[in-house]
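Biologist: I have a model open and would like to talk it through. Shall we take it one question at a time?

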Amino acid sequence: MIAKIVKPGHKTRGVLNYLYGPGRANEHTDPHLVASWDGFAPDPGRDPDGTLAQLATALDLRVKQAGHKAPKSHVWHCSIRAAPEDRHLTDDEWATIARRVLDATGIAPAGDPDACRWVAVRHADDHIHIVATKVRGDLRPPRNWNDFLHADNELVAIEKEYELRQVPRGDRTAAKRPTRAEQEKARRMGKARTSREHLRTIVRTAVSAATNTEEFFRIAEGTGALVDVQYFPSGDVRGYKVALDGDTNAQGDPVWFSGSTLAPDLSYPKIAERLTATEATPPERTEAPAWRRLAFAIDQTQDHLAHDEDEAGQAHITVLAEALDALPLITSTGLRPHLIQAATTFERAARSRIRAQHQQAQATRRAVKAILREPAPKDGVLLDALLLAVVAAQHWHRTLDHQQQAEAARQTADHLHAAYRAAATEPLTALHHRGQNLAQWLLKRQDAAVRQALPGLAEQIFTEPGWPALAATLNDATTAGHDPAALLTQAARHRELDTATNLSEVLTWRLNRFQKPAIEKPLAAKAAGLVQPGSPPPPSPTPTASRPRSR
C-alpha cells in the first residue's frame, strides 16, 4: 500500500467535488463514504438526502469556530492505494485502515474526543481518500508532524496483517516524481517524458563527463539546457537552476528547476563535492587505454562492496552510476536505447542515506571521464564489468535493506542483458563459424586444454552450441603464444560458474577479459559497438560473499 499526502489546501468543498465527481477521465465509480469521524456524516453518494454542501459544512464547523486562529490551509488530504495484485478489500476493511492511518499521523488519535473531523471516501476498488480539517475540538491544530512517515510505517504493519503485497519502501532519497501538471503538459506537447525528467538526464550526463564545475555548466548548456548560475556576494557559486529551451510558463518565462529538485545528489554542493575530489586527486601514470582502465576499476567494485566500509561502498556505487550515464555517449546506435534505460533505472540505486566518501572512487571516476576524451577501441569488457558491478550493487543494497535501490539495480541488470543480446549475435556467429572450420588436430589441442583446466565441466562444454566459438578463441590464444589451459583456469576462477546456462559462451566472453593485447588485436578489428566478437550475454553472477552489516 502507498500513501500520498498532498499539500494542504483551503477549499474543503473543492476536494469533495472532485472525490464525488466523475474524475478527470470518468474513472470514478460509486463514490461513497466508508467511514467518518462520528459515523453519522452525510453521504452525498448513497444518501439521497445528503448533499456536498452539508458534508463540507460539517467538516468545516470547527474551522469556522476557530475564526482567524484556524490555519489558512486547513484541508488535509491523504490517498491510500493498494497494489494491483492485492485482493479486493471491503468497505469495512478500508474503514479500519483509514482509522489506523489517522491515528498514526496524529490527525485523529484513537479515543480522542477532540480529534479532527474527517471522512474516508471510496470511488474505486483499489484506493480511498481521507479528507480532514485541521482544527481540533479544542480549536487547536493537530500534532501531525512527519505525517507521511508515520502513515507509511502504519501501512507496513497493515500489509503484513492483511497479507497484502509488501511494497518496497524508500529512504527518502528518491528523486521527485513529475507532477500531474508536468505530465499533462508533456502529453499536450507530444513528448515522451517531462521537462523535469529530461533535465535530470542532461544534468546527470554532464556530471559524468565534466572534470570541474565550470565545465559542468558548459556541457549542460551545450546539450539543450538553459543554465542560470547564482553567486554569493563574494563571487563564489551558490547554486544553479536549469530549464529546457522552449519550455515556458503562461507568462512566457522559462520553467526553471534547481538541481536539488531534480534529484538529491544533483544540488550544486553535491556535484561540487564529487568534481572537487576528482581535481584534488593526481592521476596515475599509465599507458593503458581509458576503456581498459575503466574496466579494471569497475571490476574491483565487487571486492570494494564486499570488504570496504559502507561510505566507500556508496562512493563506488555513485561512480558506477556515472559510468552508466556516460556509456550511451560512446556506444553504437543499436545499443543506445538499452543503455539509456539502464542508466535511467540505476539512477534510483545510486543514492542512499549513507554519505559517500568520494575520494575512495577517484580512479574509476577519472577513467569514466577519460573514455569520453580518448579515442580508443570500445571493448565489450566494459559491459561485462558494469553488469557484474550492478549485480554486486543489488546484493549490497539488499544486505542493507535498501529495497528500492536493490530493485532498481535488478532492473538495470536486465537492461544490460538486453544490450548484450542486441549486440552479441553477429560477432558470436562469426566466431562459431571459425571454430567449425578449425582443423581436427587444432580442435583436439583445445579439447585437451579444456580437459586439463576444467576436467569436471569438459563434457558439458563439448556438448554446448557455444563450444566452436570457445575453441576458436582458445586457438587465438595458442597462436599468440599463451597457454590456453592457464587462461581457462583463470577465467573459471575469476567468477562463479554456478549460474551459467552456457559455460562455453561465458568462458569465451571471460577470456577476452584476461587475454593479453596480442590476442585482443584480431578480435578488436571485428568489434562492433561495445561487444567483441564472441561476446555473449553472460549470466547473472553470484555475488561475492560480503561481511556482516548492521543497519
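Biologist: Which side chain of opposite charge is nearest to Asp86?

Modeller: Keep in mind that this is a predicted model. Asp86 sits in the loop between strand E3 (75–81) and helix H4 (91–105). Asp86 is buried and has no salt bridge. A salt bridge needs the nitrogen and oxygen within 4 Å. The nearest side chain of opposite charge is 6.8 Å away, and it belongs to Arg165.

Biologist: Which backbone nitrogens lie 3.0 Å and 2.8 Å from a polar atom of the Asp86 side chain?

Modeller: Leave aside the neighbours within four places in sequence, and Asp86 is in contact with Leu164 and Arg165. For Arg165, the backbone nitrogen lies 2.8 Å from a polar atom of the Asp86 side chain. The other backbone nitrogen, at 3.0 Å, is that of Ala83.

Biologist: Which residue caps the N-terminal end of H8?

Modeller: Start with the helix itself: Thr213, Glu215, Phe216, Phe217 and Ala220 are buried in H8. After H8 comes Gly224, with a positive phi near 100 degrees. At the N-terminal end, a side-chain oxygen lies 3.2 Å from the backbone nitrogen of Glu214. That oxygen belongs to the cap, Asn212.

Biologist: How far apart are the closest N and O atoms of Asp30 and Arg46?

Modeller: A search of the whole structure finds 27 salt bridges, and Asp30 with Arg46 forms a salt bridge. Asp30 is in the loop between helix H1 (12–20) and strand E2 (32–36), while Arg46 is in the loop between E2 and helix H2 (52–59). Asp30 is partly exposed, at 42% relative accessible area, and Arg46 is partly exposed too, at 48%. Their closest N and O atoms are 2.5 Å apart.

Biologist: How many residues apart are Glu154 and Arg100?

Modeller: These two form a salt bridge, with the closest N and O atoms 2.8 Å apart. Glu154 is in helix H5 (residues 147–161), and Arg100 is in helix H4. The pair links distant parts of the chain, 54 residues apart.

Biologist: Is Arg136 buried or exposed?

Modeller: The side chain of Arg136 meets that of Asp138 in a salt bridge, at 3.3 Å from N to O. Asp138 is partly exposed, with a relative accessible area of 30%. Buried means under 20%. Arg136 has a relative accessible area of 12%, so Arg136 is buried.

Key: Residues numbered from 1 in each chain as written. Predicted model: local features only at pLDDT ≥ 70, side-chain atom pairs only at ≥ 80, totals over all residues. Heavy atoms only, no water. Helix = DSSP H or I, 4+ residues; strand = E, 2+ residues; numbered from the N terminus. Buried < 20%, exposed > 50% of the residue type's maximum accessible area, 1.4 Å probe, protein only. Lys, Arg positive; Asp, Glu negative; His and termini not counted. Polar contact = N/O pair within 3.5 Å; in protein donor to acceptor, adjacent residues only side chain to side chain. Contact = heavy atoms within 4.5 Å.
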